[in-house]
Amino acid sequence: MPVRTSTSTSGTSTPSRSESHGRGAPSTRGAPAGEGSLRAGPTVVRRVLVRRLATLLPLAWLVVTLTFVVVHAAPGSYADTIDNPRLTPQGRALLMQRYGLDQPLLTQYLRWLGAVVTGDLGTSFLFQEPVSEVIGRALPPTALLAGTALFLDLVLGLVLALAAVRRPYGIVDRLTTVLALGLYGLPTFWLAGIAILVFAVWLGWLPPSHMHGIDADRLGAAARLADLVRHLLLPALTLGVVGAAATARYLRATLLDVQSSRWLLAARARGLSERRLLWVHTLRPALLPVITLLGLSLPLLVSGSVVVETVFSWPGTGRLLWWAAQARDVPLILGITLVGAVAVIVGNLAADLLYAAADPRARGDA
Amino acid sequence: MGSARRLVFACLAATLVVGCQRAAPPSATTRGAPAPGGTVVVGLLGDLQSWNPYLAEDEDSYQILRLVYPSLAIEQTDYRTHPPAFAPDLATSWEWSEDHLALTFHLNPKATWSDGVPVTSEDVVFTWRTQTAPDLGWPYASSKDSIDDVEAVDPATVRFHYSRVYPYQLMDANDGVIVPAHRWSQIPYGRWRDTDWRQLALAAGPFRIASHEPQQQITLERNPTYWRAGRPYLDRLVFRIVPSRSSLLTQLLTGDVDLLENVPPEDAERVRDAPDLHLIVFPDRGYSQIRWNLRRPPLDDVRVRRALSEAIDRRLIVDVVYDGFARPSLGPVLSDMWAFDTHLEPVPHDPADARRLLAEAGWRDSDGDGVLDRDGQPLSLELLTNAESELRQDTCLLVQEDLAGVGIQAEPRFVEWGTLLARERKGDFDGIISRWIEPTMVDLWEVWHSAAPGEPTLNSTGYANPEVDQLLGQIDEATTFSAQKPLLDRVQQLIVADQPYTFLVETMALVGLNDRVHGADINDAGPYFNVDQWYVNTEPQ
């Protein structure tokens, strides 16, 4: 009979994730988000997989359609954002015509949707290039930044959580709680600004922005990599540290749950060493929900952080979205939203599947 | 109607803006002899839109592309004292036909594209075809409305044929840079927006493309085939794209960026006090105003509008909002332009007279609540401006206070730029605080001529004065600047008397420049006006 984990949280609530992280708090503890039916045999898993994949298309359609409506509900258009003293009202009318913005909304929508079905996301107004190319170019920098930040997030979060639960409500726990909540409460743009001020302006250790220095194209491969790492550190730390604060709070709660479990009591009664108790009997079950966390973080690897990428001039999709929104570049906004929506759906699904694979109870073979 | 009604509104809020200016003296220090080599780094808010100048619509892109593609002539910065003069560029000289309907340019025989092919009259003809191609829809095509044909007389001679004589013929011929026919003419215009222009761009200006990392950096390098021997001095001109104004300022202060346009007035002292920087200040051809909705009572009453203008202290706005980097605006033509009417009577700051005018219009504080009323209705207005501009919001609050002083209740409302434009176009406003940036061409038609319903116009106030309309028509038909001047004077007098706008302040551009950059003449013709003469003594940090 599978042993259910207690869902009591030792009085600590899981902080919700910030907007810039693009991932929400897991909906359950010790169980995969959503699909409870994944706790069954492989056939069921397959059936669920098919069902979830079938919802992908309508969901993605719904998201982009809502985005289309919202973007057009706001007054103004791309032609209004052109900053050029030479642009006359007649020129503006020509621009509206050039981009098809003079057409009825339904026509614009159907035209866009029809093209998307054939794999064509349209041409960006702002970059005068196919949207797929613009997004394709922004994805690797975003994946690099978000991936590094996610790694820092998990490692730092785990270290903080372990330090905290060694003596629950002891001095270290209280200090890490204050630190984690403090960091988590800071607005990311503020933290980013302070990081730039301290490490780039005052200390001069790290560059304040961009992915490369101005002479990067003249550097050899090794020097170029070192240049990239130097530029990556500040934004990745800013993003990672805020995430780590939330992860630490979350892991602390699950670790405490496990510590009060009957199986740990039984293991301790069998005379196992503290080290074995920690690494095998506490950490393993406590880390299972991290899979869910990871799944929810996957979209971040695709959609990026608007705030951090903008402040640090990082050429990723987050910054692209900010830019597109500013310029009312409708095809680009819709393209990024579509890619982001697919990433969220796939991320959730991947988390559930991974969870099912990792947790013997969820596989139904425990 | 004039061929190019380019009085435009610049206002893309505080976020964008490109400073323009006047004939300022060379502003940077000149130390030692110019030495070739070195790099200058410019901070930019936005990326280059396209390497094809006829697909790039914004001013920043245009300024960069002008360094790569040649122009027939270069407009000089003397347009404040007299109509603008032009210096030779790709064209070494030009002459007019007797009837002034044909203009012949002689091209520099040394000019070549960066692939070694000479720049010829065919390129000029192709450029004109591109500018006027309906299936391309170049938004600035109206400057070519009066040009009937462009003819390649021989490879080094090109002739523009006009349908009429008017003062801005040369300016209109020169509008837009020349692009390479031999490389681009095979691509149908319908496919231009799906073409990778980075691969097809060719240079004939002082710089050529070295690299472009989108959202990061544009690197231009010296064009070795540029026809001016020994120019430019700089090896590279690097544009770092930083999408936040505060980050740009930080990078200027840390030396990561050498040049930054549009330093906000409140940061001027920081730049001025920085040991390695200097601040360049010049009028930027912009003026701010309150646009009153003349369709709505009581704003349809000229006495009320005059009272509103007299109640507002422009000097206070200059000192408080702009930290002194502005001056009071007097009328629809900038006060230091050749076309400005020097006999214009400025509206004084006179709250007592404002109260008198309002009383004359029937507005009195009959219930003693401090707000004027008439027929039981309080004198209350909404003042609209865009939330992106702190300068305009601060102005709005000062205006609110001034108006309260004469018993007018003004409610400031800050909305997003798109909302502001939408409400202005619909005529759904009382007063809008906004700003125009004037072109070097003096053309008052777009803003001040009465517009037929549905006609694209910048006349959002509903201003319609038959005498002004008639005069604007005469100005449009005048063949010389001297014939235009008395007509322009009269129009200014009429508009100032009508006060459809409360003219607030003429603004200034503030540019931060690192002391290591020498020889730079930064002025309102554009930040890179004499970039081929810039030089540096040290590499950037």
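**Note on the predicted model of chains A and B**

1. Ala246(A) counts as buried because it has 24 C-beta neighbours inside 10 Å; here a residue is buried if 20 or more other C-beta atoms, placed from the backbone, lie within 10 Å of its own, exposed if 12 or fewer, and partly exposed in between. Ala246(A) belongs to helix H8 of chain A, residues 221–259, helices being DSSP runs of H or I with at least four residues and strands runs of E with at least two, numbered from the N terminus.

2. This is a predicted model, in which local features need pLDDT of at least 70 and side-chain atom pairs count only at pLDDT 80 or more, while totals for chains, interfaces and linings use all residues. Residues are numbered from 1 along each chain as its sequence is written, and chains are lettered from A in the order in which they are written.

3. Between the chains, 50 residues of chain B are in contact with 42 residues of chain A, contact meaning that the C-beta atoms, placed from the backbone, lie within 7 Å. On the side of chain B that touches chain A, two or more residues come from each of strand S11 (236–241), helix H6 (245–254) and helix H12 (417–426) of chain B, with H12(B) giving the most, 5 residues.

4. The secondary structure of chain B consists of 15 helices and 22 strands, and buried residues make up 53% of its 541 residues. Of the contacts in chain B with a separation of 6 or more, 72% are between residues 24 or more positions apart.

5. Along the principal axes, the C-alpha atoms of chain B fill a box of roughly 80 × 55 × 45 Å.

Methods. Two residues are in contact if their C-beta atoms, placed from the backbone, lie within 7 Å.
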